[in-house]
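Subject: Handing over a structure

Hi there,

Here is the structure I promised to pass on to you. Have a look at it first, and then read on for what turned up in it.

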Amino acid sequence: MKVAIIPGIHPPQITHSFIQSFNPLLNQAWVVPGDDVPVYSPQHVFTFLNQHYFQANGVLSDNGNTPQSLVFIGFSAGVVGSIGTARQCRSLGITVGARLAFDGWGVPLDGDFPIYR
């Protein structure tokens, strides 16, 4: 299982602190830099993950390196980008194990995978 963290629009130290609180579970998480990527945009989040993690880990190829599932954790504005990205991944045949939303009130959450708010 791989975990992708899509933060909100806040200082990177907050995301780093969150990751450290779950040490070592999230030490290998794929983190979208909220200060460089518009985390509220599923297309930008997917493009970043594809360029920096999916290609390097064979997620979108048939080379046998595809993780069993991807888990998406989104915070605040990152909830918008993460739900859209999770749905896009699912449409490409990537297994989405779960989608967790923190502080994403009012964001519609739907998909054919487990979703927790």
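The side chains of Ser-41 and His-44 are joined by a polar contact of 2.7 Å (a pair of N or O atoms within 3.5 Å; within protein, one must be able to donate a hydrogen and the other to accept it, and residues adjacent in sequence count only if both atoms are side-chain atoms). Ser-41 sits in the loop between strand 2 (30-31) and helix 2 (42-54); helices (H or I, at least four residues) and strands (E, at least two) are DSSP runs, numbered from the N terminus. Ser-41 counts as buried because its relative accessibility is 15%, where buried means under 20% relative accessible area, exposed over 50%, and partly exposed in between (1.4 Å probe, protein chains only).

Before going further, please note that this is a predicted model, in which local features need pLDDT of at least 70 and side-chain atom pairs count only at pLDDT 80 or more, while totals for chains, interfaces and linings use all residues. Residues are numbered from 1 along each chain as its sequence is written, and side-chain values use heavy atoms, with hydrogens and water left out.

Next, have a look at strand 3 and what follows. Strand 3 pairs with strand 4 (residues 96-102) in the parallel sense, over six bridges; two strands pair if DSSP finds at least two bridges between them. The chain goes from strand 3 through helix 3 to strand 4, and this β-α-β crossover is right-handed: with the strands pointing away from the viewer, the path from the first strand over the helix to the second runs clockwise. Ile-73 stands opposite Leu-100 in strand 4.

Ser-76 lies in the loop between strand 3 (70-75) and helix 3 (77-91). Its phi is positive, about 50°, although Ser-76 is not a glycine. Most residues other than glycine have a negative phi. With 32% relative accessibility, Ser-76 counts as partly exposed.

The buried residues of helix 3 include Ala-77, Val-79, Ile-83 and Cys-89. After helix 3 comes Gly-93, with a positive phi near 90°.

Finally, Arg-117 is found in the segment after strand 5 (115-116). It counts as partly exposed because its relative accessibility is 45%. Leaving aside neighbours within four places in sequence, Arg-117 is in contact (heavy atoms within 4.5 Å) with residues including Ala-101, Trp-105 and Leu-109.

Enjoy exploring!

Best wishes
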